[in-house]
Amino acid sequence: MKIHAAGGLHGEIAVPGDKSISHRAVMLGSLAEGTTEITHFLESADCLSTIACFRRMGIDIEKTKDKIIVRGKGLHGLHRPDGILNAGNSGTTTRLLSGILAGQSFESTLDGDESLRTRPMKRIMTPLRQMGADIESLRDNNCVPLTIRGTKLHGIHYDSPVASAQVKSCVLLAGLYADGVTELTEPSLSRNHSELMLSCFGAEVAGSNNTVRIHPDPTLHGCQVQVPGDISSAAYFLAAALLVPNSEILIRGCGINPTRDGILRVCRQMGADIETIREYSSGGEKMADLLVRTSHLKGITIGGDIIPTLIDELPVIAVIACHAEGMTVIKDAAELRVKESDRIEVMTENLKRMGADVAAIPDGMIIRGSEGRRLHGARIDTCLDHRIAMSFTVAALCAEGETEIENADCVRISYPSFYEDLFSLTDRI
């Protein structure tokens with residue numbers, strides 16, 4: 001993609017469905033009895049990998065024009081797949097599905113693309129093994145491919161060393177097949193989509209502070225799931241509206257789950273003009289229409305408990321910080337180093353190419369912004385990371401000259417129509 005600075009962004013946008021919720025809806029719909037209908041499902045490469053895996057285990061999943069229909073077979077209705085379960089690039093598929101597979105009566109192997117083969121899986125293998133799971137990294141490096149030999153699981157209390165929704169969800173899903181109550185405590189609260197959706201499907205889930213517990217062997221029932229707009233996808237339009245002069249964008253139906261809305265809190269703390277027009281709920285998930293206008297922003301320190309609520313948005317927050325007045329410090333975010341790329345190094349290197357004053361630290365970045373100084377165009381290496389590609393597209397809309405985004409089609413991982421949607425607001429692509 002070749003991008004020039006935009007003179008202003010105007011219009012309305014409805015971002016695609018939330019990726020995290022789309023994954024979970026297919027998984028729980030497959031384990032439920034009866035039919036689950038999912039509207040506003042995100043048909044991205046990652047979510048389609050989840051569908052493909054459950055189809056290989058005997059689940060009938062139909063795509064119509066406006067919904068996904070999952071005909072579940074109950075908690076014990078999955079069949080041994082006739083080959084390797086390919087998770088593609090999806091860490092969510094791999095980690096959550098591992099919890100389900102650990103309690104089955106068959107053996108299976110999970111694999112993915114070269115990027116996924118570098119992502120750490122020990123974080124889920126450790127608690128699953130404590131529950132009695134037989135899980136093996138075939139290359140003996142705690143990464144996929146993983147072979148999981150289903151067995152009887154035991155309820156445990158697990159103190160997670162990281163605040164990770166994927167680790168928590170893996171343990172909770174394995175807990176469905178345990179012989180007693182399963183509990184998990186994390187150092188700070190991560191996103192709670194699994195807890196909300198498990199409750200809607202009929203599981204007995206409860207929690208207090210940073211501990212959540214689940215009772216085993218529930219009867220899950222198919223239901224209607226309306227997937228909110230993905231705040232991680234909305235983040236790029238939010239950032240663009242804040243940074244591009246003379247902009248005003250209305251983002252409709254955006255999920256604002258309190259465990260995911262960290263970017264809204266951070267941007268407002270920086271001085272962003274973000275107005276909530278309408279707020280409503282569906283299936284326990286909060287949604288809103290957000291009106292965002294160009295704003296004068298100031299640097300802040302971002303760290304601590306808020307990090308799990310915006311971990312996927314930190315790359316574009318770094319872009320925002322480059323245009324804010326003063327210094328922004330992003331810390332406590334070492335998790336960024338084990339995403340689809342080392343997002344700390346990739347963001348730092350590419351921002352420097354565009355003239356930003358940014359330095360990497362072990363768990364984040366230090367960015368010295370200057371509202372009056374513009375970045376300049378550059379050739380951006382996305383490292384095939386969808387969030388890097390979209391973040392630098394936003395940076396390009398504010399930069400002098402032309403910016404080239406290499407391998408821009410990697411956005412299909414989470415947002416296949418990203419460039420088309422952005423084009424509807426500007427003609428600078």
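Two strands pair if DSSP finds at least two bridges between them. I start with that rule, since my first entry rests on it. The model I am reading is predicted.

**Entry 1: the sheet with strand 1**

I looked up strand 1 and strand 23 (residues 403–405). They are joined by two bridges and pair in the antiparallel sense. I picked out K2 and found its bridge partner in strand 23, which is E404. Then I followed the sheet across. It is open, has three strands in the order 1-23-22, and its pairing is mixed. Strand 1 (2–3) and strand 22 are the edge strands, each pairing on one side only. I also checked what packs on this sheet. Helix 11 does, and it touches strand 1, strand 22 and strand 23. The direction of helix 11 makes about 165 degrees with that of strand 23.

**Entry 2: the sheet with strand 14**

I then counted bridges. Strand 3 (residues 33–39) and strand 14 run parallel and are joined by three bridges. I38 has V225 as its bridge partner in strand 14. A reminder to myself: strands of a sheet pair through backbone hydrogen bonds, either parallel or antiparallel.

**Entry 3: aromatic rings**

I searched the whole structure for aromatic pairs. There are five. I opened the pair of Y236 and F418. The ring centres are 6.0 Å apart and the planes stand at 75 degrees; over 60 counts as edge-to-face, so this pair is edge-to-face. Y236 belongs to helix 7 (residues 231–243) and F418 to helix 12 (residues 418–423), so the pair ties together parts that are 182 residues apart in sequence.

Are these residues buried or exposed? Y236 counts as buried because its relative accessibility is 2%. F418 counts as buried too, at 1%.

F418 also pairs with Y415. Their ring centres are 5.5 Å apart and their planes are at 65 degrees, so this pair is edge-to-face. Y415 is buried, with a relative accessible area of 0%. I noted the whole group: ring pairs link Y236, F237, Y415, F418 and Y419 into a cluster.

How many residues of helix 5 (residues 165–175) are buried? Eleven of the eleven are, so the helix is largely enclosed by the rest of the structure.

I turned to its partner. Helix 5 and helix 6 (residues 193–201) pack at an angle of about 30 degrees, and their axes are 9 Å apart. Angles under 35 degrees count as roughly parallel, so these two helices are roughly parallel to each other. K168, S169, L172 and L173 of helix 5 make the contact with S194, E195 and L198 of helix 6. These contact residues divide into three nonpolar, two polar and two charged.

In helix 8 (residues 262–269), I found G262, I263, L264, V266 and C267 buried. They pack against helix 7, strand 16 (273–282), strand 17 (285–293), strand 18 (301–302) and helix 9 (314–322). After helix 8 comes G271, with a positive phi near 105 degrees.

In helix 10 (residues 343–353), the buried residues include R343, I344 and M347. Their cover includes helix 9, strand 20 (357–361) and helix 11 (386–396). After helix 10 comes G355, with a positive phi near 95 degrees.

**Entry 4: T185**

Last, I looked at T185, which lies in strand 11 (residues 182–185). T185 and P161 are 24 residues apart in sequence, and their C-alpha atoms are 8.9 Å apart in space. Leaving aside neighbours within four places in sequence, T185 contacts H157, Y158, D159, S160, N210 and T211.

Note on methods: Residues numbered from 1 in each chain as written. Predicted model: local features only at pLDDT ≥ 70, side-chain atom pairs only at ≥ 80, totals over all residues. Heavy atoms only, no water. Helix = DSSP H or I, 4+ residues; strand = E, 2+ residues; numbered from the N terminus. Phe/Tyr/Trp six-rings, centres within 6.5 Å; stacked < 30°, edge-to-face > 60°. Buried < 20%, exposed > 50% of the residue type's maximum accessible area, 1.4 Å probe, protein only. Axes fitted to C-alpha atoms, helices over the stretch in contact; angles between N-to-C directions. Parallel < 35°, antiparallel > 145°, perpendicular 65-115°, else oblique. Contact = heavy atoms within 4.5 Å. Nonpolar A, V, L, I, M, F, W, Y, C, P; charged D, E, K, R; others polar.
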